[in-house]
Amino acid sequence: VQRPPGAGKSRALALLVLMYAAANPDSRVLWLAVQNVTLVSAAAELLSLVDTGTPLAAGLARLPALSAAETEPTPIDVQVKNVRGKRIVLMTMGVAAAESSRKWSPLPEWVPHFVVEDEMQQAKTVEAIMAQGLQPAKAYVLRAGDPQQTPGGAPTELSRSLRRYLDRMAGSHAAPVLRFAPAQEHFELR
């Protein structure tokens, strides 16, 4: 999904994620972003679209970075030990990469069926690209962003090489691709 700022990408992503979760009661959705501010916005969109007290609302969680838990808290913030029963989990790529490498973390057991990579124009650091490589091969992946916005970190040769490798690997997987056609304003599963 590529749209300019303010075009409704976050709302469209939230709607799509909630529709997917409602249609697939046993599914798990991972929402990744480089920065916590993106996840705060995503959490607000999700919360504005679900009725509080419903199982879907109870299944929302954000695993904030330590600094974000204090400076940018959301009502759905949880500690990593409480992720097991959650259905839609938001986290930065840095948290995902760090938690996936810890032996005691429950995150590697929490395998998503659908992955949202939000504000992907910022995912140019090796850490961010490594988090993308941790995704299961058979998950739906939806990438969103605006290449005209601030690109985040300057890509290094290592990050470019890793990105090319992951793109080649993604092309070899049999997972379906979900495309959003902005001109027609519809989603298509291919």
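Predicted model: local features only at pLDDT ≥ 70, side-chain atom pairs only at ≥ 80, totals over all residues.
Local features need pLDDT of at least 70 and side-chain atom pairs count only at pLDDT 80 or more, while totals for chains, interfaces and linings use all residues. Residues are numbered from 1 along each chain as its sequence is written, and side-chain values use heavy atoms, leaving out hydrogens and water.

**View 1. Helix α1 (residues 9-23) crosses helix α2 (residues 36-49) at roughly 55°.** Their axes, which are lines fitted to C-alpha atoms over the stretch in contact, come within 9 Å. Look for the contact (heavy atoms within 4.5 Å) between residues including Ala-14, Leu-15 and Leu-18 of α1 and Leu-46 and Leu-49 of α2. The contact residues divide into 6 nonpolar, 3 polar and 2 charged.

**View 2. Glu-45 and Arg-11 form a salt bridge.** Such a bridge is a side-chain nitrogen of Lys or Arg within 4 Å of a carboxyl oxygen of Asp or Glu; here the closest N and O atoms are 2.8 Å apart. Glu-45 sits in α2 and Arg-11 in α1, so the pair ties together parts 34 residues apart in sequence. Arg-11 is partly exposed, at 39% relative accessibility (buried means under 20%, exposed over 50%, partly exposed in between, with a 1.4 Å probe and protein chains only).

**View 3. A salt bridge joins Asp-77 to Arg-62.** Again, the closest N and O atoms are 2.8 Å apart. Asp-77 lies in the loop between α4 (66-71) and β3 (88-92), and Arg-62 in strand β2 (residues 60-63). Asp-77 is partly exposed at 24%, whereas Arg-62 is buried at 0%.

Methods
Axes fitted to C-alpha atoms, helices over the stretch in contact; angles between N-to-C directions. Helix = DSSP H or I, 4+ residues; strand = E, 2+ residues; numbered from the N terminus. Nonpolar A, V, L, I, M, F, W, Y, C, P; charged D, E, K, R; others polar.
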